[in-house]
Amino acid sequence: MESLRNGKTWLIAALLIAGLLVPIFVENVYLRHLFIISFVYGIVAASWDLTLGYAGIFNFAHIAFFGVGVYATGLTAKLLGIDPWVAMAIGGLAASTAAAVVALPVIRLQGVYVVLVTFAFSQLVMQLIINQSDFTGGTQGLVRVPTISLPHYNFLRDYKFGYYYVAFALLVATTACLRWLARSDFGLSIKALRDNEDYAVSRGIPIALQRLKALVASAFFTGVAGGFYVIYLRVASPEVFDFSTVSLVLSMVLVGGTSSIYGPLFAALFLTFISEALANINNFAEGRFMLVAVAMIVVLVFFPKGLASVLPTVLERRRRKSHCSENMDWKGARSVPKDHETPPAIPPMSLDRSA
């Protein structure tokens, strides 16, 4: 178990260092853009896993929270003139507020009813944004959103160098917070409600309050990601509510593995690059979604717990193999071949026959 934990620690450290070095060695602007988009999707997918995987809430309003963060940040930055850095935090708070609203009916529902209510909420938010075209731009979207800035630094002329590190910092901070939540008493309580609701309630865990907390927490990080998304692209469009966005992020959660914060992150990186690579193939722009769906089915068939279950399995096998080899070496060192065994000592014969 200790070797498994050490293996994960070294792998995370290596990935952090690699993430910091990527924009230094990757000078292609388009590749940097793909990394930034994958980081945003990774935050959204990992946050969704907090409610879907850990809490067991079939929340299909998660992309609506992302859209709320997008438009709340865009509107406050453009119409109210609020600093974009502050507007991103406002986007997270707006998404959490939306999650609290949708949680009122959801916390007492189960199964397919949760899916229906949350999906209806997502469509309601989309229609509201389209109808309020005087403020949101309607189907044309919101354009020319102000972007972030730092003293003596221009994010628009650095070939996405600064945007990369902001997205990477948000990804690391979100991952750390989500891991802390998942391992805290709160995380244990929502997993208990997911696995055996009646027993958890009998032990004093408040089901309504814990579900509300899970929805609000996951929505905050998603809203912040939506805020950065609109600040980065400088365009807010109703397309963020499309079913294609829902299916893409959901595939990242399922392929990466539920109840695993790291799994959706790696799946987001993998699927984003694969999807964009397939889109560049002639006459294959639409067919890429079919291949992503096939890949998701294959992964779920062979790895029901997602790709996140592969690494612990490999490390555990290596640990057992190493443990077995050490035991074999120890036994081999202690054992002596029969050819070299020393014959047992014969006690001296007594000459006293009267004894």
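User: Which helices do the buried residues of H5 pack against?

Analyst: They pack against helix H3 (62-78), H4 and helix H6 (133-136). Buried means under 20% relative accessible area, exposed over 50%, and partly exposed in between (1.4 Å probe, protein chains only). Helices (H or I, at least four residues) and strands (E, at least two) are DSSP runs numbered from the N terminus.

User: What kind of model is this?

Analyst: This is a predicted model, where local features need pLDDT of at least 70, side-chain atom pairs count only at pLDDT 80 or more, and totals for chains, interfaces and linings use all residues. Residues are numbered from 1 along each chain as its sequence is written, and side-chain values use heavy atoms, with hydrogens and water left out.

User: Back to H5. Which of its residues are buried?

Analyst: Val-114, Thr-118, Phe-121, Ser-122, Val-125, Met-126 and Ile-129. They cover an arc of only 130° around the axis, so they sit on the same side of H5. The arc is taken from the directions from the helix axis to the C-beta atoms.

User: And which exposed residues are on the face turned away from the buried side?

Analyst: Val-112, Tyr-113, Leu-116, Leu-124 and Asn-131.

User: How far apart are the end C-alpha atoms of H5?

Analyst: They are 29 Å apart, which agrees with the 28 Å that the 20 residues of H5 (residues 112-131) should span at 1.5 Å a residue. The expected span is 1.5 Å times one less than the number of residues.

User: New topic. Which residues form the nonpolar patch on the surface?

Analyst: Ile-17, Leu-20, Leu-21, Ile-24, Phe-25, Trp-85, Val-86, Leu-150, Tyr-153 and Phe-161, with about 920 Å² of accessible area together. Helix H1 (2-25) and helix H4 (84-106) each give two or more residues, and the largest share, five residues, comes from H1. Patch residues have over 30% relative accessible area and no salt bridge, with nonpolar side chains (Val, Leu, Ile, Met, Phe, Trp, Tyr) joined within 5 Å and like charges within 9 Å. A salt bridge is a side-chain nitrogen of Lys or Arg within 4 Å of a carboxyl oxygen of Asp or Glu. Areas come from the Shrake-Rupley method with a 1.4 Å probe; for residues, only the protein chains shown count as cover.

User: Where is Ser-149, and what does it contact?

Analyst: Ser-149 is in the loop between strand E1 (142-143) and helix H7 (161-183). Leaving aside neighbours within four places in sequence, Ser-149 contacts Trp-85 and Phe-155; contact means heavy atoms within 4.5 Å.
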